[in-house]
Amino acid sequence: ATNWLGEVEPGQKGFACSATVHPSAVTMPETHETPLLMVALGTGIAPMRAFIEERAAAKRDGETCGEMALFFGARNRAEYSYEQEFDDYQKEGVLQHISLALSREQKEKIYVTHRLQQEEQLVYDLI
């Protein structure tokens with residue numbers, strides 16, 4: 001984990017957002033039309049995969065589904081177990097954005113917080 005958000009000082013480049021914490025629970029929005037921003041690390045991808053699968057089924061049933069973005073962090077591509085599946089969902093139009101942070105695949109470590117910062121407009125638009 002990083003402390004990027006905790007270290008952002010007022011006036012520094014960043015983004016404003018409101019958030020809600022649901023202790024010990026990961027829940028879907030009440031409607032599939034709600035945009036969904038998902039952030040997962042390692043095995044934490046499992047509930048996000050379930051959300052994507054649910055939206056895919058809803059879309060196939062003719063429901064209108066909101067935009068979805070997945071930010072996934074791992075040490076390397078081998079830990080990105082569902083790559084082909086998520087690429088297929090992206091081609092199908094279910095998952096519009098995939099951003100990977102593979103921290104050990106290059107000299108400089110890249111984490112999910114870096115990707116979120118790089119995509120700050122997308123993050124703002126979805127939340």
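Reader: Which residues form one aromatic cluster?
Author: Phe72, Tyr80, Tyr82 and Phe86 do. This is a predicted model, in which local features need pLDDT of at least 70 and side-chain atom pairs count only at pLDDT 80 or more, while totals for chains, interfaces and linings use all residues. Residues are numbered from 1 along each chain as its sequence is written, and side-chain values use heavy atoms, with hydrogens and water left out.

Reader: How many aromatic pairs does the count come to?
Author: Three. Rings of Phe, Tyr and Trp (its six-membered ring) pair if their centres lie within 6.5 Å; planes under 30 degrees apart are stacked, over 60 edge-to-face, and the rest tilted.

Reader: And what is the pair of Tyr80 and Phe86?
Author: Tilted, because the ring centres are 6.2 Å apart and the planes stand at 45 degrees.

Reader: Is Tyr80 buried or exposed?
Author: Tyr80 is buried, with a relative accessible area of 4%. Phe86 is buried too, at 0%. Buried means under 20% relative accessible area, exposed over 50%, and partly exposed in between (1.4 Å probe, protein chains only).

Reader: Switching to the core. Which residues have the most contacts inside the largest one?
Author: Met38, Ile52, Leu70, Phe72, Phe86 and Leu95, in a nonpolar core of 19 residues. Such a core is a set of buried Ala, Val, Leu, Ile, Met, Phe, Trp, Tyr and Cys residues joined through side-chain atoms within 4.5 Å.

Reader: Which elements supply it?
Author: Strands E1 (36-41), E2 (68-74) and E3 (97-102) and helices H2 (45-60) and H3 (83-92) each give at least two residues. The largest share, five residues, is from H2. Helices (H or I, at least four residues) and strands (E, at least two) are DSSP runs, numbered from the N terminus.

Reader: Where is Leu95?
Author: In the loop between H3 and E3. Leu95 counts as buried, at 0% relative accessibility. Leaving aside neighbours within four places in sequence, Leu95 is in contact (heavy atoms within 4.5 Å) with Met38, Ile52, Met68, Ala69, Leu70, Phe86, Tyr89 and Gln90.

Reader: How do the axes of H2 and H3 cross?
Author: At roughly 30 degrees, coming within 11 Å. Axes are lines fitted to C-alpha atoms, for helices over the stretch in contact, with angles from 0 to 180 degrees between N-to-C directions.

Reader: Which residues make that contact?
Author: From H2, Ile45, Arg49, Ile52, Glu53, Ala56, Lys59 and Arg60; from H3, Glu85, Phe86, Tyr89 and Glu92.
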